[in-house]
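Please read the following note beside the sequence and the 3D view.

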Amino acid sequence: MPHPTRYPRLSLARLAAWLVLAMWTACAAAQEPLTPLMPGARDQCPVCGMLVSKYPNWVAAVRYRDGHAHFFDGAKDMFKYLQALPKYAPGHRATDIRDIQVTEFYGLARIDARKAFYVIGSDVLGPMGHEFVPLESRADAEEFMHDHRGKRILSFDQVVPAIVAEVDGGRVK
């Protein structure tokens, strides 16, 4: 076994350079622009089976690190999928998800689902009825809530299975 002092020592300068490179790589990955995912004509929602491309104003998507994606006809089914991954996507793990996208209500642009605000209990229905309406900013969510009699604004992390069931059943208070 080699003597421990025979291993090359990492100089302070090399360590600093390595740390700067690691931080730069992490920041570059975090700031990578969101590439909108578009469903094909035959892509079906894994939760309800609907053809997703028929409802472009409501498309949501989950993309995995290996590049494949699953599309949904609204944020509600996307949340159902994410909350029951073993049921809807056996063999997939949450840690393998690269990004999650929703279609923003006002601009119809694809936005990061984890940063979106969701209005529930409004008079706006999606393809599957009562829906989580995604908005890019808190101000947009408040405006939408006022204009469409919404009941609550939620962040991504606040959406739990009980709330999905409330929305699905049209019982939002």
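1. A residue is called buried under 20% relative accessible area, exposed over 50%, and partly exposed in between (1.4 Å probe, protein chains only). By this rule Cys 48 is partly exposed, with a relative accessible area of 29%, whereas Cys 45 counts as buried at 3% relative accessibility.

2. This is a predicted model, in which local features need pLDDT of at least 70 and side-chain atom pairs count only at pLDDT 80 or more, while totals for chains, interfaces and linings use all residues. Residues are numbered from 1 along each chain as its sequence is written, and side-chain values use heavy atoms, with hydrogens and water left out.

3. A disulfide is a covalent bond between the sulfur atoms of two cysteines; here the term denotes a pair of cysteine sulfur atoms within 2.5 Å. The structure holds zero disulfides. For Cys 45, the nearest cysteine sulfur belongs to Cys 48 and is 3.8 Å away. Cys 48, likewise, is in no disulfide.

4. Strands (E, at least two residues) are DSSP runs, numbered from the N terminus, and two strands pair if DSSP finds at least two bridges between them. An open sheet is formed by four strands in the order S2-S1-S3-S4, with antiparallel pairing. Strand S2 (69-72) and strand S4 (110-112) are the edge strands, each pairing on one side only.

5. Which residue in S3 is the bridge partner of Ala 60? The partner is Val 102. Strand S1 (residues 60-64) and strand S3 (residues 97-103) pair in the antiparallel sense over five bridges.
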